[in-house]
Amino acid sequence: MLAVSASQLLAARDQMALSLGFHIVLSCFGVAFPTLIYIVHRRGLRGDADALLLAKRWSKVAAVLFAVGAVSGTVLSFEMGLLWPGLMSRFGDVVGLPFALEGIAFFVEAIFLGIYLYGWNKLPPKVHLRTLVPMMAAGVVGTFCVVAVNAWMNSPSGFHLVTAADGTQRITDVQPLTAMFNNAVWTEFLHMFVAAYMVVGFLAAAVYASGMLKGRRDRVHRLGFTVAFAVASVGALVQPLIGHIAGMRLAEHQPVKLAAMELATTTEKNAPLRIGGILIDGTVRAVIEIPGISSLLARGWFDRPVPGLDQVPKADQPPANVVHNSFQIMVGIGTALLLFAVFFWWRRRRNRGTDRDLLTSRRFLRLAVIAGPLAVIALESGWTTTEVGRQPWIVQGVLRVKDAVTPNGGIWFSFTVIAIVYAGLATITSRVLRSMSRRWRENGEVDLPTPYGPPSDDPNPSGRAAGRRGVHA
Amino acid sequence: MSLAALCAALMFFGVVAYAIFAGADFGSGVWDLLAGDAETGGARRHQIDRSIGPVWEANHVWLIYVLVFMWTAFPRAFAAMITTLFVPWLFVGLGIVLRGSGFAFRKFAETLRQARFYGAAFAASSVITPFFLGMIAGAIASGRVHLLDGRHPDLLTSWTGPTSWVGGVLAVLTCSFLAATFLAADSHRAGDQEMANYFGRRALVSGVLSGAVAMIAIAPIESDAHTLADGLQGKAAPFVAISAVAGLFALWRLRAQRYARARVGAVIAVAAVVIGWGVAQYPDVLVDHAEIGDVAGARSTLYGLLIVFAIAAVTAVPAMVWLFVLVNRRDWADDAHRAPSAG
């Protein structure tokens, strides 16, 4: 193998983390947003003008977010090769099948996005509504396929590793379907799929909650909030259960990751749940321990042992503090969101028939605004937990990250470029979306003309005037 | 034909589709760049937006398709190709990000100033991306990408040879040619003959330029890329001939302002030259360094890819046909027709 410096490895990991961390939020919209649009669009076709207005606006938001998602997803496919040729050259044919299927899902989503976005007032309304269904299906298939590859890295299967007499390793007996339907795939897929709906639901609800805080208490805002919050609530209710099953699986298949998540240094029965805490020189400090709970949660009963980090040599252990804390952030936020959702629907039920309304409570709305970014933080923390928890392996127990990284130098440079470009993209995306929302409020029309040029009746317009009138003036 | 060769053919099918459909989208960006100031270019840019807006994301996915097919069917060749051509791939990645997002942002820009900024990002990256993709093609076709096998690849000279420059320039020119014929046909269908003729003239110029550069390119390719040159004069010669005839047909129809016919000719001309490249380097994946059979992945996976392709054929392909049928319907073009009155 070619020697790769630690600094270069770090740069490659940082670049991957940044690109994935950026794309994962946008991909959530690709997966879940079509469903939200479908709900309001269907309602709109049944005579609810406000719902139809929401569908039209959301489809324009989707146009922006899906474009940025498509290109940032493409960057990831480049980076699989640019950063990790050692992974792709050895295992490209093992994990290629789900990638190829994901390609089809991407095709279907992009094609029907084009038809849906441009189909307003052209396709028969029912046909137009139904073009969202293939996008929703592509979201399911796409999530499953991409997560299948990640699950395979956590729980590799579908090949044999043969070590020859001279020490070189060869991969034989490749079974792509076994690799795709690996041990981890179903729990990881469900966890990510539901997370996507939670992120999009809570973010969209946060947007309308923030509007209501600013006094925009019209029905469009209330409807937008309620639909988004309802979708997010379903996710928030089932997610802890899925997460729990995923955690139980870890005890058997990735005990070291579980040990890091639980900050367990040694294997012990009646293992305590550790809240907070930091591992310094092999000792856990600043921690609240609740005896037996970790055994109960991860293994199903108090007397069952929870594996500790010491089951593998130090060199094979992940950075436990990062894993433990990101895991705790995810679980903490997930629990809070669950309680918040239950609270809302319970109060709403109780308030029925009275003039009390939770959507006029500033305190509730403020919490709803915070819930959006919190869902994103939970998503990123969960992803950090699974990725950092697998370290130092890129393929658990088979291939180390340092053996998969590119031999090329200059990764700090490409990382810097990506960081600058993505910072710019994030800024501009939010700026464009906010400007769209403001113009919708000011103009009352859904269609926003593009200012390709100054309108012909005014040779020297200010930029903004041109924007308002645009080519349709 | 062996299983691996069949997979290579399916992968290359994606290369051809990407060259035509995404090529036309890239070229539209080139014409967006050259559309003139905001005053005169407004209506043209609107036509460009209308033409590629519904289709560009779907067309873009062909690139993902090709990459995924390559790393699945020929993992070692993929790793060598992308590691060796690290620098041009970075430019391609950057170009793709700026093009897609710039295009989407411009559509919803608030002010003319912002629209110009996003439009410039879209248009400039529409030149950069096909240029570097052409350089990548040239690097592979001239035998400058070898399998890694523990050797450090040559990060600079691998993609800066004469064939790469030919590839880059030709890519930008043929994309422009394709796009101009597409835009002329779209404008004509939308009922704007003046706009159609504007793009028709540009199609004629870029078509003639493409042909001229292709002729001039014979000399550097002969001296720089022997395998490719032999192939183009030998087994791939029929495709070169088809390309030339179809290109001339397209120019002839452009002169007569028959843009729908010209578009067919342009598509055939570009498809034939790309197929010719593939045939010329067959059976190499990486010219002179890796044959299909030597770098193919596991057989079970190759069978899997055939099934994936079959699934695509009954899901994505009919959907794509429907999309293209829709965007070519007169009532979908109408929107574009109304716009120029104010531009």
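The model is predicted, so local features need pLDDT of at least 70 and side-chain atom pairs count only at pLDDT 80 or more, while totals for chains, interfaces and linings use all residues. Residues are numbered from 1 along each chain as its sequence is written, chains are lettered from A and ligands numbered from 1 in the order in which they are written, and side-chain values use heavy atoms, with hydrogens and water left out.

Chain B contains 15 helices and two strands. Helices (H or I, at least four residues) and strands (E, at least two) are DSSP runs, numbered from the N terminus. The C-alpha trace of chain B spans about 60 × 40 × 35 Å along its principal axes. Its radius of gyration is 20 Å, which agrees with the value near 20 Å for a compact globule of 343 residues. The radius is taken over C-alpha atoms, and the globule rule is 2.2 Å times the number of residues to the power 0.38.

Of the 343 residues in chain B, 62% are buried. Buried means under 20% relative accessible area, exposed means over 50%, and partly exposed lies in between (1.4 Å probe, protein chains only). Chain B exposes about 12,600 Å², and carbon and sulfur atoms supply 68% of this area. Accessible areas come from the Shrake-Rupley method with a 1.4 Å probe; for residues, only the protein chains shown count as cover. Contacts in chain B were also examined by sequence separation. Among those between residues at least 6 apart in sequence, 81% join residues at least 24 apart. Contact means heavy atoms within 4.5 Å.

Chain B carries 24 positive and 22 negative charges, and their mean positions are 7 Å apart. Lys and Arg count as positive and Asp and Glu as negative; His and the chain ends are not counted. The place of a charge is taken as NZ of Lys, CZ of Arg, CG of Asp or CD of Glu.

Over all chains, the structure holds 17 salt bridges. A salt bridge is a side-chain nitrogen of Lys or Arg within 4 Å of a carboxyl oxygen of Asp or Glu. In chain B, D224(B) and R144(B) form one, at 2.7 Å from N to O. D224(B) lies in helix 8 (residues 193-224) of chain B, and R144(B) lies in the loop between helix 6 (112-141) and helix 7 (162-189), so the pair ties together parts that are 80 residues apart in sequence. D224(B) is buried, with a relative accessible area of 16%. R144(B) is partly exposed, at 24%.

A further salt bridge joins D186(B) and R189(B), whose closest N and O atoms are 3.0 Å apart. These residues are three apart in helix 7 of chain B, so about one helical turn separates them. D186(B) is buried at 10% relative accessibility. R189(B) is also buried, at 15%.

In chain A, R43(A) and D48(A) form a salt bridge, with their closest N and O atoms 2.9 Å apart. R43(A) is partly exposed at 41% relative accessible area, whereas D48(A) is buried at 12%. Both belong to a salt-bridge network that includes D50(A) and R219(A).

R99(B) lies in helix 5 (residues 86-107) of chain B. R99(B) is buried yet has no salt bridge. The nearest side chain of opposite charge, D25(B), is 4.9 Å away. Beyond neighbours within four places in sequence, contacts of R99(B) include D25(B), F26(B), W56(B) and F122(B). S125(B) and S126(B) also touch R99(B).

Helix 4 (residues 75-84) of chain B is mostly covered, with nine of its 10 residues buried. Among them are P75(B), F78(B), M81(B) and I82(B).

A316(B) lies in helix 14 (residues 316-327) of chain B. A316(B) is buried, at 3% relative accessible area. Not counting residues up to four places away in sequence, A316(B) touches I104(A), F107(A), V108(A) and I111(A) of chain A, as well as I311(B). The C-alpha atoms of A316(B) and A58(B) are separated by 9.7 Å, although the residues are 258 apart along the chain.

Q239(A) lies in helix 8 (residues 219-253) of chain A. Q239(A) is buried, with a relative accessible area of 10%. Leaving out residues up to four places away in sequence, Q239(A) touches L190(A), H191(A), V194(A), A195(A) and M198(A).
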